[in-house]
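Q: I have a structure open and would like to go through it step by step. Could we start with a term that will be needed for the helices?
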Amino acid sequence: MLLLVVPVWSVFLVEESALTVTSPESLQGTHQSAIGNFGIPQYGGTLSGTVMYPSVNAKACEKFSIDQFKTLAGQRPIFALVDRGDCYFATKVWFAQQAGAAAVLVADNKQEMLVTMDSPEEDPVASQFIQNITIPSALITKDFGDSLKKALSNKEMVSIKIDWRESLPHPDKRVEYEFWTNSNDECGPKCEAQVEFVRNYKGVAQILEQGGYTQFTPHYITWYCPQAFIESKQCKSQCINNGRYCAPDPEQDFSVGYDGKEVVIENLRQLCVFKVTSDSGKPWKWWDFVTDFQIRCPMKEKKYGPECAEEVIKSLSIDVGAVQKCMGDPNADEDHPILKHEQDAQVGEGDRGDVTILPTLIINNRQYRGKLDKSAVMKAICSGFEETSDPPVCLSDTLQTNECLQNNGGCWSSGELTACQDTFRGRVCQCPLVKGVQFDGDGYTHCEAKGPFIDAWP
């Protein structure tokens, strides 16, 4: 039997989006909804649609008829309203997506605080489709769900706008984000998704970091072994530093394959690679190391471990000696400063909950909810920049439509000058700064040159 190593935290915060009812008039107002931990929330944007509640299969635990929620030509997108219960959240959203829903609202079945919808590890069915869920979803309260169902039963059209623009803070010109990950590549579908994400996202991450647009930090979860079991076979195989830092056995079988302590050591090596490359002014090389390690040192080929890892380090011209010194002695009966910091960082504070799920992204101190996908994560990170400070990669054709191209976005213009500035969230009308001359005005109807160089302006 496996020994459960123990975490020391328990706070889980729910990330929310604003949901506004625009009709009928009797329901108009804004409500909170808990963002699902799968699918693709539209961070930085909004989505409007009409609500449909199925007369049968209201819990969405079975497949719907084909195109039941499909949006017809000229029609607004359809949000499927379904009830909580009898099957996993992800199953409900998957069946609604297959039937054409643009988004899914799950009405709670009891009076309680909002919780985050997730797909548990033990759900073998969800693992087959969860990576293919591309629509957003949210949990709403029972009272709100009952009000929507009552209006629909009275033949009223219910129109809703979901707003993710404030789901992540966007205070300044730099986004700070953390990626809680794992060097273990044999932990099922979530590990496979994590490996694919790292490979696909690496280039974008390095562009953002090298340009000074982001501050990225990798993290790794560890647990501790209870004092009473430190001398047990289980703790000795799963932990280093005399039970202080542990990871589950990759195969869930102590008699075969790799041990949990080997995972902890490789996690520590990756942390030390980040420290050494950061100290040399090139923190983005962590992405190169992790990607190459995944390709060259996989568990399934029995190459996972120090020998292969150090070959990768050498190939990237990273100081092997500095990494080894950083790692120290895994048999030492003392705290390791880096791993101790990791355990402390797992505990949430302020607006950020504890990190208990792998993989996890935290952007501007808020946990990202949704699919671990390059474009989805990029949307979330780009929504974390202060308006008008978006880096060019956020305004590429794949992420953003330039709203200033047509009629200057409705903003003030004079000749080649325009107050229209395109941001990830859409255009803003802001009087420009041109050749040292600041233009002032409302940005919509007028902008006037101000400052000491006004007379030099042609």
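Predicted model: local features only at pLDDT ≥ 70, side-chain atom pairs only at ≥ 80, totals over all residues.

Q: At what angle do H3 and H6 pack?
A: Helix H3 (residues 189–210) and helix H6 (residues 285–296) pack at about 155 degrees, and their axes are 10 Å apart. H3 and H6 are therefore roughly antiparallel to each other.

Q: Which residues make that contact?
A: On H3 they are Val-195, Val-198, Arg-199, Tyr-201, Lys-202, Ala-205 and Gln-206. On H6 they are Trp-287, Asp-288, Val-290, Thr-291, Gln-294 and Ile-295.

Q: Is the crossing of H3 and H6 left-handed or right-handed?
A: H3 passes H6 in a left-handed crossing.

Q: Stepping back, into which domains is the protein divided?
A: Domain 1 covers 16–164, domain 2 covers 175–384 and domain 3 covers 401–449. Taken over C-alpha atoms, the centres of domain 1 and domain 3 are separated by 38 Å.

Q: Now the barrel: how many strands does it have, and in what order do they run?
A: It is a closed barrel of seven strands in the order E1-E2-E6-E5-E4-E3-E7, and the pairing is mixed. From one strand to the next, the twist averages 40 degrees.

Q: Which way do E5 and E6 run, parallel or antiparallel?
A: Strand E5 (residues 103–107) and strand E6 (residues 137–140) run parallel and are joined by four bridges. Val-104 has Ser-137 in E6 as its bridge partner.

Q: And how does E1 pair with E7?
A: Strand E1 (residues 16–23) runs antiparallel to E7, with five bridges between them. Within this pairing, Val-21 stands opposite Ile-160 in E7.

Q: What about E3 and E7?
A: Strand E3 (residues 46–52) also pairs with E7 in the antiparallel sense, over five bridges. Here Thr-50 has Ser-159 in E7 as its bridge partner.

Q: How many residues of E7 are buried?
A: Strand E7 (residues 159–163) is mostly covered, as four of its five residues are buried.

Q: Which strands does H2 lie across?
A: Helix H2 (residues 142–153) lies across E1, E2 (29–35), E3, E4, E5, E6 and E7, and it runs at about 120 degrees to E4. Helix H1 (residues 89–98) lies across E4 (78–83), E5 and E6, running at about 140 degrees to E5.

Q: Where is the cis peptide bond?
A: It joins Ser-23 and Pro-24, with omega at about 5 degrees. Pro-24 is in the loop between E1 and E2.

Q: What is the phi of Lys-155?
A: Phi of Lys-155 is near 65 degrees, a positive value in a residue other than glycine. Lys-155 is found in the loop between H2 and E7.

Q: Is Lys-155 buried or exposed?
A: Lys-155 is exposed, since its relative accessible area is 77% and the cut-off for exposed is over 50%.

Q: And Asn-364, buried or exposed?
A: Asn-364 counts as buried, at 12% relative accessibility; the cut-off for buried is under 20%. Asn-364 lies in the loop between strand E12 (360–363) and strand E13 (366–367). Its phi is positive, about 50 degrees, although Asn-364 is not a glycine.

Q: Moving on to H7, which residues are buried there?
A: In helix H7 (residues 306–315), Cys-308, Ala-309, Glu-310, Val-312 and Ile-313 are buried. What covers them includes helix H5 (260–279), H6 and helix H8 (320–327).

Q: At what angle do H7 and H8 pack?
A: They pack at about 135 degrees, with their axes 9 Å apart. That makes H7 oblique to H8. The contact is made by Glu-310, Ile-313 and Lys-314 of H7 and by Val-320, Val-323 and Gln-324 of H8.

Q: Which residue with a positive phi follows H7?
A: H7 is followed by Ser-317, whose phi is near 60 degrees.

Q: Last topic: in what order do the strands of the open sheet come?
A: The open sheet has three strands in the order E18-E19-E20, with antiparallel pairing. Its edge strands are E18 (433–434) and E20 (448–450), each of which pairs on one side only.

Q: How many bridges are there between E18 and E19?
A: E18 and strand E19 (residues 437–440) pair over two bridges in the antiparallel sense. The bridge partner of Val-434 in E19 is Val-437.

Definitions and conventions
Residues numbered from 1 in each chain as written. Heavy atoms only, no water. Buried < 20%, exposed > 50% of the residue type's maximum accessible area, 1.4 Å probe, protein only. Pairing = 2+ DSSP bridges. Domains from an automatic or database assignment. Axes fitted to C-alpha atoms, helices over the stretch in contact; angles between N-to-C directions. Parallel < 35°, antiparallel > 145°, perpendicular 65-115°, else oblique. Left-handed = near helix turned anticlockwise from the far one by under 90°. Contact = heavy atoms within 4.5 Å.
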